[in-house]
Amino acid sequence: MLTASSLLMLVNSARAACPIPWTPDALDERLSSAETTYAALDLDGFRKSVEEANLILPCVSSPISPALAARFHRVEGLRLFINADEAGTTAALAAAHFLEPAY
């Protein structure tokens with residue numbers, strides 16, 4: 001089980017491996033692309049955008065808003081749904097709903 005201190009060590013390790021710092025706006029752009037490609041049923045484009053968002057997230061150089069975190073979890077939930085991961089889908093969408101109850 002991860003403790004708060006071990007999670008912090010993992011985050012710091014991931015950030016140390018980042019070639020450049022990213023902004024929350026860059027993450028927002030990838031999530032917008034993921035949402036657009038999902039709505040267009042472009043699953044390859046969706047997967048690419050989600051993969052990019054997952055690579056950017058640990059390298060974001062400033063805190064993200066709860067709304068952006070909720071969008072990330074929602075998009076991740078869609079990815080897990082496509083991959084038929086029922087438990088993962090439920091957890092991701094529950095996290096999105098916790099952060100933004102309108103989801």
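## T37 and its polar contacts

A polar contact is a pair of N or O atoms within 3.5 Å; within protein, one must be able to donate a hydrogen and the other to accept it, and residues adjacent in sequence count only if both atoms are side-chain atoms. In this predicted model, a polar atom of the T37 side chain lies 3.1 Å from the backbone oxygen of A34. A polar atom of the T37 side chain also lies 3.2 Å from the backbone nitrogen of F46.

T37 belongs to helix α2, which covers residues 24-39. The relative accessible area of T37 is 13%, so T37 is buried (under 20% relative accessible area; exposed is over 50%, partly exposed in between, with a 1.4 Å probe and protein chains only). Which residues does T37 contact, leaving aside its neighbours within four places in sequence? The partners are D42, G45, F46 and S49 (contact means heavy atoms within 4.5 Å).

## Basis of the model

The model is predicted: local features need pLDDT of at least 70 and side-chain atom pairs pLDDT 80 or more, while totals for chains, interfaces and linings use all residues. Residues are numbered from 1 along each chain as its sequence is written, and side-chain values use heavy atoms, with hydrogens and water left out.

## The chain as a whole

The chain has five helices and zero strands (DSSP runs, H or I of at least four residues for helices, E of at least two for strands, numbered from the N terminus). Along the sequence the pattern reads α-α-α-α-α. Of the 103 residues in the chain, 29% are buried.

Among contacts in the chain with a separation of 6 or more, 65% are between residues 24 or more positions apart.

## The disulfide

The count of disulfides is one (a pair of cysteine sulfur atoms within 2.5 Å). C18 and C59 form the link, with an S to S distance of 1.8 Å. C18 sits in the loop between α1 (4-16) and α2, and C59 in the loop between α3 (43-56) and α4 (66-82), so the bond ties together parts that are 41 residues apart in sequence.

The link of C18 and C59 is left-handed, at -85 degrees about the S-S bond. Both cysteines, C18 and C59, are buried.

## Helix α2

The 16 residues of α2 should span 22 Å at 1.5 Å a residue (1.5 Å times one less than the number of residues). The end C-alpha atoms of α2 are 23 Å apart, which agrees with that figure.

After α2 comes L41, which has a positive phi, near 60 degrees.

## R71 on helix α4

R71 is part of helix α4. With a relative accessible area of 14%, R71 is buried. The side chains of R71 and E35 make a polar contact at 2.9 Å.

Not counting residues up to four places away in sequence, R71 touches D28, L31, S32, E35 and Y103.

## T89 and helix α5

T89 is located in helix α5 (residues 86-99). The relative accessibility of T89 is 11%, so T89 counts as buried. T89 is eleven residues from L78 in sequence, and their C-alpha atoms are 7.0 Å apart. Leaving aside neighbours within four places in sequence, T89 is in contact with G77, L80 and F81.

The 14 residues of α5 reach 20 Å from first C-alpha to last, close to the 20 Å expected at 1.5 Å a residue. G88, T89, A92 and A96 are the buried residues of α5. Seen down the axis of α5, they fall within an arc of 100 degrees, so they line one face of the helix. These buried residues pack against α4. The face of α5 turned away from its buried side carries the exposed residues E86, A87, T90 and F98.

Definitions and conventions: The arc is that of the directions from the helix axis to the C-beta atoms.
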